[in-house]
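Please read them with the sequence and the structure at hand.

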Amino acid sequence: QVQVVESGGGLVQPGGSLRLSCAASTSDFRAYDISWYRQAPGNEHELVATITPSGTTTYEDAVKGRFTISRDDAKNTGYLQMRMLTPEDTAVYYCKITWPGVDTFWGQGTQVTVSS
């Protein structure tokens, strides 16, 4: 089956930046929507951003203007560039790839901690 692996998480100070990566092991990567979700302890699973195969992007209001989702289909990789991070962004971030009507696959998550 398709494997999805997130990376790039870590500890960052408020106001700092991180770039998360989502690498997938499928030759059909360019056909998938890529979404980033996050979940903090005691909070519900939250959709952060989505990018379609055509490059159309969607963001949750809380991250608009700060986060940028992108993709490099030649590298089978999606990205989430996070800027102006706040403690409220602290969560485990998960990548999900979806081929509409065909398949959905999830990564294992990567921890992002925003703290001074």
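1. A residue is called buried here when its relative accessible area is under 20%, exposed when that area is over 50%, and partly exposed in between. The model is a predicted one, and the points that follow should be read with that in mind.

2. R38 has a relative accessibility of 5%, and therefore counts as buried under that cut-off. Its side chain meets the side chain of E46 in a salt bridge, with a distance of 2.9 Å from N to O. E46, by contrast, has a relative accessible area of 23%, so this residue is classed as partly exposed.

3. R38 also forms a salt bridge with D89, in which the closest N and O atoms lie 2.9 Å apart. This pair links distant parts of the chain, since R38 belongs to strand β4 (residues 33-39) whereas D89 sits in the loop between β8 and β9 (91-99), and the two are 51 residues apart. D89 is buried, as is R38.

4. Which residues are linked with R38 in a network of salt bridges? The network is made up of R38, E46, R66 and D89, and the two contacts of R38 described above, with E46 and with D89, can be inspected together in the model.

5. A further salt bridge is found between the side chains of R71 and D73, again given as 2.9 Å from N to O. R71 has a relative accessible area of 16%, which is under the 20% limit, so R71 is buried. D73, at 19% relative accessibility, likewise falls under 20% and therefore counts as buried. The count of salt bridges comes to 5, and the R71 and D73 pair is one of them.

6. Turning to the strands, the model contains an open sheet of 4 strands in the order β1-β3-β8-β7, with antiparallel pairing. The edge strands are β1 (4-7) and β7 (67-72), each of which pairs on one side only. From one strand to the next, the twist averages 15°.

7. How many bridges join β7 to β8? There are 6, and the two strands run antiparallel, with β8 covering residues 77-82.

Definitions and conventions. Residues numbered from 1 in each chain as written. Predicted model: local features only at pLDDT ≥ 70, side-chain atom pairs only at ≥ 80, totals over all residues. Heavy atoms only, no water. Pairing = 2+ DSSP bridges. Axes fitted to C-alpha atoms, helices over the stretch in contact; angles between N-to-C directions. Salt bridge = Lys/Arg side-chain N within 4 Å of Asp/Glu carboxyl O. Buried < 20%, exposed > 50% of the residue type's maximum accessible area, 1.4 Å probe, protein only.
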